[in-house]
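Dear colleague,

I am passing on the structure we spoke about, and below it you will find my notes on what the coordinates show. Please read them with the structure open beside you.

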Amino acid sequence: MSSENAIPMVRLLAPDGSAVGDTEIGLSDDQLRELLRLMIRARRLDRECWALQRQGELTVYPPFEGQEAAQVGSAFALGPQDFAFPSFRELAAAVVRGVDVVEYLQYHRGTWHGGPYDPYASGFAPICVPVATQIVHAVGWAMGARLDGMPACALAYFGDGSASEGDFHEAANMAAVFEAPVILFCQNNGWAISVPAREQYVAPIAARAAGYGFPGVRVDGNDVLAVLSVTREAADRARSGGGPTLIEAMTYRIGAHSTADDATRYRDDADVDAWRARDPILRYRAWLLGRGTVDEAWIGATEAETEAWVADVRADLASLDAPPASDVFDHAFAQAPGTLEHQREEFLGGG
Amino acid sequence: MGELTMVAALNAALHDALKEDPRTLVFGEDVGALGGVFRVTEGLQEAFGRERVFNTPIAEAGIAGISVGLAMAGWRPVAEMQFDGFSYPALDQVIGHVAKYRERTRGRVAMPITIRIPSFGGIKGKEHHGESPETYYVHTAGLKVLAPSTPLDAYRLLRLAIADEDPVIFLEPKSRYWTKEEGELTTEGPGIGVARILREGPSCVLVTYGAMVQRCLEAAAVLEDEGIGCAVLDLRSLVPLDVETIAGAVRTTGRVIVVHEAPLTLGMGAEVVARIVEEAFDHLEAPVLRVTGPDVPYPPASLEQVYLPSVQRIAAAVRKVVAY
């Protein structure tokens with residue numbers, strides 16, 4: 001565990017919301033408020049999804065509560081020309097990127113697989129469940145952008161658990177070799193389902209970057225300003241030809257791995273409570289209130305607006321029906337083999 | 001155009017694809033200055049530059065994975081796996097993503113990726129250098145799988161594979177790399193999903209692909225001397241499978257032998273026989289037999305001719321069904 005502490009962590013706001021670094025990172029007051037608004041929306045949506053799963057409106061759902069700052073801060077640092085490659089817990093990042101939430105939730109409703117929205121419309125790749133495979137896709141996309149001479153970068157989301165996969169290594173090494181404009185963004189939430197960090201790896205994940213030959217940064221993942229700041233710096237470097245960066249955002253999964261998981265079987269409530277005290281939204285809100293950027297009235301209005309938005313999402317989701325049976329056959333190939341066309345007729349009738 | 005080896009024909013296909021479509025990329029292990037361990041990519045980096053023809057680290061999952069990302073960014077990747085037995089680390093990316101991406105994005109994200117894999121045995125290779133991986137890919141929905149048998153057809157099929165909007169696994173019969181054929185390089189002629197009858201014959205049809213096409217032609221020549229006329233059907237395309245041409249040949253001959261290097265169990269032969277039973281059962285005059293590799297790992301060089309279907313084994317199977 002000593003090696004865990006051997007790497008510095010970028011932090012601008014302390015858990016109580018007091019500034020501990022240079023918080024003037026070049027954001028307008030509107031942008032500062034937008035960050036809070038997005039985090040409030042994301043958390044409310046996340047809790048709604050948990051409830052919708054319990055009501056039978058969604059199938060299994062993986063909650064992200066506690067990770068709002070890591071996702072919102074990093075996604076906020078990207079521009080429209082950039083491309084994010086999520087794993088499966090990045091609904092908050094999707095909200096920031098402007099992904100249609102109802103289309104996204106088709107995945108958790110079981111009405112379609114991981115690419116139910118248009119990835120090109122919002123620069124947000126399909127949900128990727130095998131963990132770590134999407135990191136390689138991000139490197140490939142970044143290589144393609146570089147070949148096109150585009151000032152753009154890719155950002156791959158993955159977790160501490162994913163960092164044990166071989167694909168993490170292959171992606172990191174290829175990113176370095178090809179000087180790909182890519183950010184490897186690890187949300188270290190402490191748990192690979194039930195396996196704690198200390199049973200997954202020994203040295204800090206951010207420290208691996210040195211071995212690949214590019215910068216590695218550890219950041220307080222519950223400090224949205226710090227996350228945004230380090231991600232923006234990495235994105236600027238990537239877009240201007242400076243190559244990849246590995247960011248390890250230290251955060252915590254307040255909820256269970258998924259609605260099918262029982263976290264009480266492997267961790268203590270005391271651990272969760274300790275992390276609740278480092279809540280990313282309360283921290284940022286306290287700082288904004290102290291700064292006078294928002295007041296209680298703004299927060300109240302934002303929460304009310306969020307309630308209305310979530311109600312719309314809920315209503316739209318409830319009206320999502322199963323797609324037509326022909327969808328099973330329609331999308332596997334651009335040009336389906338004759339043998340598959342024959343099966344289509346058998347399954348759906350000749351008409 | 002004079003005589004060309006299959007290596008030269010494949011090289012020409014890559015060259016022409018790179019030339020015609022500036023979005024085409026060629027990459028893999030040793031494909032740059034070396035020109036690939038079989039020289040299929042010789043001269044391409046010189047001709048098209050290091051950005052479009054490039055070496056990769058030894059990372060097969062990475063090679064397949066960056067292909068997905070490059071395809072998303074609008075490029076047309078042609079990736080090389082150095083050998084059949086080294087292609088397995090990429091299976092996770094191929095099965096999990098290359099094959100599924102179009103489906104899971106409802107057709108919004110295409111995967112026009114070609115993965116070339118020097119395949120099959122017969123070159124006295126070391127372990128992991130002589131495998132027949134086709135069943136893994138044929139069984140994976142969302143992929144097309146091609147296996148040419150001659151230089152001119154290798155050119156045609158590789159060009160068509162690269163132009164295809166679906167991902168294609170392109171299995172190159174490395175024991176035929178150095179065989180020659182004379183004729184014009186063209187993409188005209190039988191396309192993807194079309195089998196070719198290379199030789200007509202009334203008594204029996206040999207259904208095969210890849211390097212075993214030549215073995216079957218040799219067996220047919222031997223049998224002709226005995227008065228047994230054998231047709232030889234080159235599948236070329238394992239997915240899509242040309243069931244109609246197979247069934248048509250069965251209706252003509254009534255007798256079928258399926259020949260491949262891959263192990264017997266769940267090899268292509270199993271699928272071909274099932275299709276024949278479904279489509280042409282009433283025309284069968286004898287049980288359909290398979291002449292394949294046995295269900296064991298590919299053997300060392302000194303024993304590979306024991307493993308590979310021989311002219312003798314093929315001919316013996318034909319005599320058996322003709323005498324049935």
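With 351 residues, chain A would have a radius of gyration near 20 Å if it were a compact globule, and its value of 21 Å agrees with that. Please keep in mind throughout that this is a predicted model.

The C-alpha trace of chain A spans about 70 × 50 × 40 Å along its principal axes, and buried residues make up 48% of the 351 residues in the chain. Among the contacts in chain A with a separation of 6 or more, 75% are accounted for by residues 24 or more positions apart.

As for secondary structure, chain A comes to 14 helices and seven strands. One of these helices, α1 of chain A, runs over residues 29-54 and has 26 residues, and the distance from its first C-alpha to its last is 38 Å, close to the 38 Å expected at 1.5 Å a residue. After α1(A) comes A:Gly56, whose phi is positive, near 85°.

Turning to the two chains together, 37 residues of chain B are in contact with 34 residues of chain A. On the side of chain B that touches chain A, the elements that give two or more residues are α3 (60-72), α4 (91-98) and α5 (101-104) of chain B, and the largest share, nine residues, comes from α3(B). Sorted by class, that side of chain B has 16 nonpolar, 12 polar and nine charged residues.

With best wishes

Technical notes. Residues are numbered from 1 along each chain as its sequence is written. Chains are lettered from A and ligands numbered from 1 in the order in which they are written. This is a predicted model: local features need pLDDT of at least 70, side-chain atom pairs count only at pLDDT 80 or more; totals for chains, interfaces and linings use all residues. Helices (H or I, at least four residues) and strands (E, at least two) are DSSP runs, numbered from the N terminus. The expected span of a helix is 1.5 Å times one less than its number of residues. The radius of gyration is taken over C-alpha atoms; the globule rule is 2.2 Å times the number of residues to the power 0.38. A residue is buried if 20 or more other C-beta atoms lie within 10 Å of its own, exposed if 12 or fewer, and partly exposed in between; C-beta atoms are placed from the backbone. Two residues are in contact if their C-beta atoms, placed from the backbone, lie within 7 Å. Ala, Val, Leu, Ile, Met, Phe, Trp, Tyr, Cys and Pro count as nonpolar, Asp, Glu, Lys and Arg as charged, and the others, Gly among them, as polar.
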